[in-house]
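Reader: Can you walk me through this one? Keep it quick.
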Amino acid sequence: ANFDSPVEATDGLLVLTNMLGRSLKKQTISIAKGNNLFDLDLSNYPVGTYIVRLQSGTQQQLRRIIKEF
């Protein structure tokens with residue numbers, strides 16, 4: 001998942017949810033100012049569409065990802 005942060009370096013929370021809103025994975029991450037790229041291991045999850053949410057302070061960004069195989 002690729003996220004852009006306008007703020008200085010901070011910690012954030014990366015949350016993977018299914019399309020029903022059920023939280024599947026939570027991970028504390030370090031966020032740098034600018035472009036941030038995070039690897040997510042989806043090998044234990046079935047094919048489908050997921051939402052990745054990055055929370056940092058009062059900011060939140062969402063990305064939709066599709067696992068095809």
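Author: One definition to begin with: contact means heavy atoms within 4.5 Å. Among contacts in the protein between residues at least 6 apart in sequence, 50% join residues at least 24 apart.

Reader: Where does the model come from, and how are residues numbered?
Author: This is a predicted model: local features need pLDDT of at least 70, side-chain atom pairs count only at pLDDT 80 or more, and totals for chains, interfaces and linings use all residues. Residues are numbered from 1 along each chain as its sequence is written, and side-chain values use heavy atoms, with hydrogens and water left out.

Reader: OK. How many helices and strands?
Author: Zero helices and six strands. Both are DSSP runs numbered from the N terminus: helices are H or I with at least four residues, strands are E with at least two. The order from the N terminus is β-β-β-β-β-β.

Reader: Which strands make a sheet, and in what order?
Author: Four strands form an open sheet, in the order 3-2-5-6, with antiparallel pairing. Two strands pair if DSSP finds at least two bridges between them. Strand 3 and strand 6 (59-67) are the edges, each pairing on one side only. Neighbouring strands are turned by 20° against each other on average, direction ignored. For that angle, axes are lines fitted to C-alpha atoms, for helices over the stretch in contact, and angles run from 0 to 180 degrees between N-to-C directions.

Reader: How many bridges per pair? Start with strand 5 and strand 6.
Author: Nine bridges join strand 5 to strand 6. Ser-56 stands opposite Gln-59 there. Strand 2 and strand 5 pair over six bridges, and Thr-17 faces Ile-51 in strand 5. Eight bridges join strand 2 to strand 3, where Val-15 stands opposite Lys-26.

Reader: What sits between strand 2 and strand 3?
Author: Four residues, in a hairpin. Gly-21 in the turn has a positive phi of about 90°.

Reader: New topic. Which residues make up the largest nonpolar core?
Author: Eleven residues: Leu-14, Leu-16, Ile-29, Ile-31, Phe-38, Leu-42, Tyr-45, Tyr-50, Val-52, Leu-54 and Ile-65. Strand 5 gives the most, with three residues. A nonpolar core is a set of buried Ala, Val, Leu, Ile, Met, Phe, Trp, Tyr and Cys residues joined through side-chain atoms within 4.5 Å.

Reader: And how much of the protein counts as buried?
Author: 29% of the 69 residues. Buried means under 20% relative accessible area, exposed over 50%, partly exposed in between (1.4 Å probe, protein chains only).

Reader: Asn-36: buried or exposed?
Author: Buried, with a relative accessible area of 6%. Asn-36 lies in strand 4 (residues 34-37).

Reader: What does the Asn-36 side chain reach?
Author: Two backbone oxygens: that of Ala-32 at 2.7 Å, and that of Gly-34 at 2.9 Å.

Reader: Last one. Which residues does Gly-12 touch?
Author: Gln-27, Thr-28, Ile-29, Ile-31 and Gln-55, not counting residues up to four places away in sequence. Gly-12 is in strand 2 and is buried, with a relative accessible area of 8%. The C-alpha atoms of Gly-12 and Ala-32 are separated by 10.0 Å. Those two residues are 20 apart along the chain.

Conventions:
A polar contact is a pair of N or O atoms within 3.5 Å; within protein, one must be able to donate a hydrogen and the other to accept it, and residues adjacent in sequence count only if both atoms are side-chain atoms.
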